[in-house]
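Biologist: Walk me through this model, please. I want to learn how to read its features one at a time.

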Amino acid sequence: MKTFGRIPFLAFCVLTVCATHVSVVAQSRAAQGPAPGGAQAAAPAGATRAAVPDNAPRTIAPYFGPAARLPKAPDIEGFLQRWLLLEPITKPNRTNTVFTDSYVRAAFATEYFPGQMTVVPRNGDTVMVDGQKLAWHAVDSSGFNVKLFRFAYGLNKPTYGVIFWAVTVVNSPRELKKVRMAVGSNSASMWWLNGKEAVLLSGDRRMVMDDCVSPRLTLNKGRNVIRGAVINGPGLSDFCVRFIDERGKPITDLTLNLEQAGNQ
């Protein structure tokens, strides 16, 4: 069985084309650190644990830092770590079992803010959603997976029953044909490349690398816009995205540059 640079793990997902299941090799990765207020590992005998005040200021560090001005390459395994993330939109759901194909499509087809499928925002841009002002944040993720729960928690925003929108700009040194977008998310999500649907992940799922792989796509020479939306009810939220070639090898000679953001 093929591997994509890690331990193989067989996963199935619903793809956009022909609504078929695609089998991919993947590995389940730990999606998040312990949830705030959750159980902690016992300290060694004789050791003391520093107390964290309940009113300590929250931060998105160490999971994220501000996106640097210089272009950023994917990590060694091709994962895209530079994103514009919108503060979460409230979408109450008591369970993730409702995330069928039709539910997810309807949820993301709803217009929450103007230009949500066309605008490439800049860091600090804001939108109004149901009377709430939400801001875009240009960030570099410290891990291969973008930890949306930690992003929301660090900003004192809702962490459950939410929709996250994510945008990035990928620059390719040449036209790349027959590549695939490989995505994992917790929970359901949908992804577009240059305005066209690429991947749909429905159902109540954990974040697994390469959980769903798109049909063959073409990355244009120069600028390419990736847009995604992740919906979750209870539980943690995160995602990972990369491009792979026809042999399943990661494509790493790309750059991400949000200095090109702000244009359609």
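Modeller: Start with T168. At 0% relative accessibility, T168 counts as buried. Buried means under 20% relative accessible area, exposed over 50%, and partly exposed in between, with a 1.4 Å probe and protein chains only.

Biologist: What should I know about the model itself?

Modeller: This is a predicted model: local features need pLDDT of at least 70, side-chain atom pairs count only at pLDDT 80 or more, and totals for chains, interfaces and linings use all residues. Residues are numbered from 1 along each chain as its sequence is written, and side-chain values use heavy atoms, with hydrogens and water left out.

Biologist: Where is T168 placed?

Modeller: T168 is in strand 8. Helices (H or I, at least four residues) and strands (E, at least two) are DSSP runs, numbered from the N terminus. The protein has 2 helices and 16 strands.

Biologist: Which residues does T168 touch?

Modeller: Contact means heavy atoms within 4.5 Å. Not counting residues up to four places away in sequence, T168 touches R82, W83, N224, V225, I226, L256 and L258.

Biologist: How do I read a nonpolar core?

Modeller: It is a set of buried Ala, Val, Leu, Ile, Met, Phe, Trp, Tyr and Cys residues joined through side-chain atoms within 4.5 Å. The largest one here has 34 residues. W83, L85, M181, W191, I226, F239 and F243 touch the most other members. A second, separate core of 27 residues includes I89, W136, W165 and A229.

Biologist: Take I226 from that list. What does I226 touch?

Modeller: Leaving out residues up to four places away in sequence, the contacts of I226 include L80, W83, A166, T168, M181, W191 and F243.

Biologist: Now the rings. How is a pair described?

Modeller: A pair of aromatic rings is described by the distance of the centres and the angle of the planes. Rings of Phe, Tyr and Trp (its six-membered ring) pair if their centres lie within 6.5 Å; planes under 30 degrees apart count as stacked, over 60 as edge-to-face and the rest as tilted. By this rule the count comes to 12 aromatic pairs. The rings of F108 and W165 have centres 6.1 Å apart and planes at 65°, so this pair is edge-to-face. F108 is in helix 1 and W165 in strand 8, 57 residues apart, and the pair links distant parts of the chain.

Biologist: Are F108 and W165 buried or exposed?

Modeller: F108 is buried at 3% relative accessibility. W165 is buried too, at 1%. Ring pairs link F108, F113, W136, W165 and W192 into a cluster.

Biologist: What sits over the ring of Y153?

Modeller: The charged end of R58 does, 3.8 Å from the ring centre. A charge sits over a ring if NZ of Lys or CZ of Arg is within 6 Å of the ring centre and within 35 degrees of the ring normal.

Biologist: Let us turn to loops. Where is Q116?

Modeller: Q116 lies in the loop between helix 1 (101–109) and strand 6 (126–129). Q116 is buried, with 4% relative accessibility. A polar atom of its side chain lies 2.7 Å from the backbone oxygen of T110. Beyond its neighbours within four places in sequence, Q116 is in contact with F108, T110, E111, W165 and R227. F108 and W165 are the edge-to-face pair again.

Biologist: And which loop holds L155?

Modeller: The loop between helix 2 (148–154) and strand 8 (162–172). L155 is partly exposed at 24%. L155 and T59 are 96 residues apart in sequence, but 6.4 Å apart in space, C-alpha to C-alpha.

Biologist: How does the whole protein read?

Modeller: Of its 264 residues, 50% count as buried. Among contacts between residues at least 6 apart in sequence, 78% join residues at least 24 apart.

Note on methods
Polar contact = N/O pair within 3.5 Å; in protein donor to acceptor, adjacent residues only side chain to side chain.
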